[in-house]
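I opened this notebook to record what I looked up in one structure.

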Amino acid sequence: SFMTDFQYYQADAALGITDSVLDGENTGLNSYLNLIYLNDKFEAGVRLESYLPPLQGYDVRYEGAGVAHRYAKLKLEDIEITAGHFYEQFGNGLIMRSYQEWSLGVDNAIDGIRVRYNPVKGVYLKGLAGVQRLYWDNWTPEDDRGIIKGFDAEIHVNDIVKKFSDAKTKVIAGASFVSKYQDDKHPIYKMPENVAAFAGRLFVMRGNLSVSGEYAYKINDPSADNGNIYKPGDVLYLNAVYAIKGFAVNVAAKRIDNMSFRSDRAAGLSDLNINYLPAISKQHVYALPAYYPYATQTNGEAGIAGGISYNIKKGSKVGGKYGTQLSVNYSRIHAIHKAPLDSLTPVGTSGTLGYKSEFFNIGDELYFEDINIELYRKINAKTKLKLGYSDITYNIAIIEGHAGEETVKADVGYLDISYKLKTRQAIRLELQYLATKQDEGDWMLGQLEYTNRNWFVSFIDTYNNGNHNPDLRLHYYSVSAGFIKKATRIAITYGRQSEGIVCVGGVCRQVPAASGLALNLSTSF
């Protein structure tokens, strides 16, 4: 498979982008080529990457080209051995998840050895050891990156206990252990060189109901993220889903306390995260509802979320001829309560345990709240309609680090209507509006898209009509055209891009304002 993203940047005075700001860097190019060889029980692969230079918004340490990923894998009857780079996840990822997300510039692949073993039916074991990828740096014994070791066991109870094999209730249990070793080079504090984390999980399913939960605990791990405090960390993640034909409901809850876990205690941004703390808030697809996405707060948060989806029956007065789908989602995330250790030690004092925190004591400060409703209806054989509304509260001071800024309260509505012209031909209109008195004020967006078999053309205009500074009430327009055939897609876009944040599952990246031409090509063969 192959993918390349090219962008030509041009000066745009209205966006504050001048030739001096560009400083001769008028282009960006991110390219990836995956080559995989398969032969019965053996598999090997390499990934060639180039950032010449990286697109704006990606870390400049990516600049360069070479082999970024290589591995060999041997699959036998009940054992699999991988040497080189690999991605792995234990349970929900609370103490171990290595993964790749191109849109965020995240790649924390592990370079080392992994063994997966299935000794008997229903028992799955994993063991690994290695170091994480950090851009182009090759690991040496003097490196600040710690060595990671981990083990995971998962048991499918119904498969290993004969009398439960046909039981209606299905049970899966799992446990994980991960440790990192990093030399103590801190000039002031005595740092633990071995940091261990433990997790246990349980999944139970019966009929239309499934319930799962995972708890993880990490010993003291002073780092740049937590201000070098020695408090242990933990996280609890719960989820329940009930679904029948035409109706589904899900509920989730999460509590995090001091659970940043990196293979280098001094790392920042998205570098060298060993674990992954999933977001429970809705991941919006449309641009303006997603304008204020939630970023997981590793130093402490507690939240709940729930959603209901209901298909209104076809042929009913409300459902109409083709039926109507209605979904409602809600999420609310707070700080956790942090009490000082004593009257003389402020919360978060470096070199101490940091603070006291009772597990069920939720803090008063609201980080994020989102209540949204969406309706989808097929009007007739040619017309489809989607309507949505979100009421969002966004603590921009905490989530984006904008100290002193007022919490954003936004109302967002959107309309998406498509009309089928002929076979494999359609036109789609998308209208969105975001209303807020905080931050940059109101936004509006309009998009018109035409698709015809293998190609499409689209026009988008995003207008910051409510900006408190009249000079910044700008149109961010773009025109796109593309061609798709089988596994190949090519698209070209010209226009402006507004500054903002892109998030995937609670992990975020800052995107700068830009103006110019973009070209994207992806294919597999």
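The model is predicted. I searched the whole structure and found one cavity of 30 Å³ or more. The largest cavity holds about 40 Å³ of space. I listed its lining as Y32, E49, Y51, Y58, Y62, W102, G105, V106, D107 and R133. Strands β3 (42-51) and β7 (106-107) each give at least two residues to this lining.

I counted 27 salt bridges in the structure. I then looked at three of them individually.

E80 and R114 pair through their side chains at 3.7 Å, N to O. Because E80 sits in strand β5 (residues 79-86) and R114 in strand β8 (residues 110-117), the pair ties together parts 34 residues apart in sequence. I noted that both E80 and R114 are buried. The two also belong to a salt-bridge network that links E80, E88, R114, R116 and K126.

D144 and K185 form a salt bridge at 3.3 Å, N to O. D144 is in the loop between β9 (123-132) and β10 (147-156) and K185 in the loop between β11 (169-181) and β12 (194-206), so this pair joins parts 41 residues apart in sequence. D144 is partly exposed at 38% relative accessible area, and K185 is partly exposed at 48%.

For D225 and R262, I recorded 2.6 Å between the closest N and O atoms of the salt bridge. D225 lies in the loop between β13 (209-218) and β14 (233-244) and R262 in the loop between β15 (247-257) and β16 (301-312), so the pair ties together parts 37 residues apart in sequence. D225 is partly exposed, with a relative accessible area of 23%, whereas R262 is buried at 8%.

I found a nonpolar patch on the surface with about 980 Å² of accessible area together; its members include Y8, W455, V457 and F459. Strands β23 (455-463), β24 (475-485), β25 (488-497) and β28 (514-523) each supply at least two of its residues. Within β23, V457 is partly exposed at 32% relative accessibility. T462 also lies in β23, but T462 is buried, at 12%. Beyond four places in sequence, T462 touches W443, M444, L445, L474, H475 and Y476.

I located V412 in strand β20 (residues 408-422), where V412 counts as buried at 0% relative accessibility. Among its contacts beyond four places in sequence are L288, P289, Y433 and L434.

How values were computed: Residues are numbered from 1 along each chain as its sequence is written. This is a predicted model: local features need pLDDT of at least 70, side-chain atom pairs count only at pLDDT 80 or more; totals for chains, interfaces and linings use all residues. Side-chain values use heavy atoms; hydrogens and water are left out. Patches are made of residues with over 30% relative accessible area and no salt bridge: like charges are joined within 9 Å, nonpolar side chains (Val, Leu, Ile, Met, Phe, Trp, Tyr) within 5 Å. Accessible areas come from the Shrake-Rupley method with a 1.4 Å probe; for residues, only the protein chains shown count as cover. A salt bridge is a side-chain nitrogen of Lys or Arg within 4 Å of a carboxyl oxygen of Asp or Glu. Helices (H or I, at least four residues) and strands (E, at least two) are DSSP runs, numbered from the N terminus. Buried means under 20% relative accessible area, exposed over 50%, partly exposed in between (1.4 Å probe, protein chains only). Contact means heavy atoms within 4.5 Å. On a 1 Å grid over the protein atoms alone, a cavity is a set of points where a 1.4 Å probe fits but cannot get out, and a pocket is an open set with protein on both sides within 12 Å along at least five of seven lines; lining residues have an atom within 4 Å of a point. Grid points are joined across faces, edges and corners, and a volume is the space filled by probe spheres set on the points.
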